[in-house]
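My entries follow in the order in which I made them.

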Amino acid sequence: MYIELLLVLFLLATGCSGNQETEPEPIPTENEAKKVMEQLWSTSSLSYTGEREEAFQAIQSYADQCTSTYFNNYLKSLDEAAGNREKYDPILTCYRLAFDKVLEEVQTTQVEEGTTVIWMLYNMGYLIKTSGGCFGIDINHRYAEKLEPYLDFLCVTHNHSDHYSEELIEKMFQQNKPVLSNYLKSGEGYPYTATATSVYTIGNFHITTNINDHNTSLRNFVTTFQVDCGSRGGNLVLMHVGDSNYEPAQYHIMKPVDIFIARYAPNALHENRVIGEKVTPTYVFMSHILELAHAGVDESRWSLEMGLERAAHIHCDNTLLPFWGEKLVWKNGILN
């Protein structure tokens, strides 16, 4: 008890910022952070209500106390230390609760025929499940490896650590499950590593990959994934572009896209060089928001407010900002 009290006092004094020179901000309890996430999950990314705005403001205030150094140290810490941080640092409480929610729902959700369920996990990480199977794209989370038993395959858009989990990839390899990328097991004849346009059929899913630039320095660095979920998934066609630089000539659209998962472009609205021009999706998911491993705006840590502002200027009327732990269901050609 004495050691736990000292730990609480230390965390209250330092918080996520680790700055002991200024008066610390009050840190909400674990239960208060849980209430905020429950409030968020009671809303929908399809409609921006006052309740959702209030939850976003609280989550952003938690994140603003958390430096990238602190977060990266948390990712590297032992489980017991990580658990203590999750208990007393509200943004880490939110981070852990979102994972636990997604894991439980992926485990237990029985998906109806002709339906696709989509979970937003973290950063640009999404899990997609139909009655015919389940896969993930750009899954990055401290606890990501726990998802392996429920995944039939995994897609990784590029070799930047905020877009993959080494532990999850290794688990997938150990179980001989496909991991699609442009860099893993290169030169070994591995059928799911491709540095050019490729087409795959895995179970009920049909996947087309293309190679994109990340920026002017990292050419041909990012794989985009167009996934047709087939009739068992309500014929949903989903496209995830990772950290694409949105060069129109690099976009080869095989089928009309229903959901386009977009990166918040650091360049002014480069998304619209593709969205509304090369592809006209029914929905856009604005992603790569609040990546805690990034130091700040100059290092691509986009705030929730910035994400909402950018979403309002995308050339798609249904541009949404899903957040950690949220679930959306595709049925009869629309999202619910």
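The entries below begin with the basis of the model and then turn to its details.

**Basis.** I note that this is a predicted model, in which local features need pLDDT of at least 70, side-chain atom pairs count only at pLDDT 80 or more, and totals for chains, interfaces and linings use all residues. Residues are numbered from 1 along each chain as its sequence is written, and side-chain values use heavy atoms, with hydrogens and water left out.

**Confidence.** I looked up pLDDT, the predictor's confidence in each residue, from 0 to 100. The chain has a mean of 93, with 92% of its residues at 70 or more. Residues 1–15 have pLDDT below 50, and this stretch makes 17 contacts in the model beyond near neighbours in sequence; a contact means heavy atoms within 4.5 Å. Residues 17–21 are also below 50, with five contacts beyond near neighbours in sequence.

**Largest pocket.** I searched on a 1 Å grid over the protein atoms alone: a pocket is an open set of points with protein on both sides within 12 Å along at least five of seven lines, a cavity is a set where a 1.4 Å probe fits but cannot get out, and lining residues have an atom within 4 Å of a point. Grid points are joined across faces, edges and corners, and a volume is the space filled by probe spheres set on the points. The largest pocket has a volume of about 450 Å³. It is lined by 16 residues, of which Leu 75, Asn 140, Ser 161, Tyr 164 and Glu 167 are the closest to its centre. Helices (H or I, at least four residues) and strands (E, at least two) are DSSP runs, numbered from the N terminus. The elements α4 (68–76) and α7 (166–174) each supply at least two lining residues, and α4 gives the largest share, three residues. I sorted the lining into four nonpolar, six polar and six charged residues, where Ala, Val, Leu, Ile, Met, Phe, Trp, Tyr, Cys and Pro count as nonpolar, Asp, Glu, Lys and Arg as charged, and the others, Gly among them, as polar.

**Cavity.** I found one cavity of 30 Å³ or more. The largest cavity has a volume of about 40 Å³, and its lining includes Ser 181, Tyr 192, Ala 194 and Thr 223. Strands β7 (205–212) and β8 (222–228) each give two or more residues to that lining. By class, the cavity lining has seven nonpolar, four polar and no charged residues.

**Ser 181.** Is Ser 181 buried or exposed? Ser 181 is buried at a relative accessible area of 3%, where buried means under 20%, exposed over 50% and partly exposed in between (1.4 Å probe, protein chains only). Ser 181 sits in the loop between β5 (179–180) and β6 (198–202). Not counting residues up to four places away in sequence, Ser 181 touches Val 156, Tyr 192, Thr 193, Ala 194 and Thr 223. A polar atom of its side chain lies 3.2 Å from the backbone nitrogen of Tyr 183.

**Lys 185.** I placed Lys 185 in the loop between β5 and β6. Its phi is near 55 degrees, a positive value in a residue other than glycine, and Lys 185 is partly exposed at 31% relative accessibility.

**Gln 60.** Gln 60 belongs to helix α3 (residues 50–64) and is buried at 14% relative accessibility. Leaving aside neighbours within four places in sequence, I found Gln 60 in contact with Leu 290, Ser 303 and Leu 304.

Notes: A polar contact is a pair of N or O atoms within 3.5 Å; within protein, one must be able to donate a hydrogen and the other to accept it, and residues adjacent in sequence count only if both atoms are side-chain atoms.
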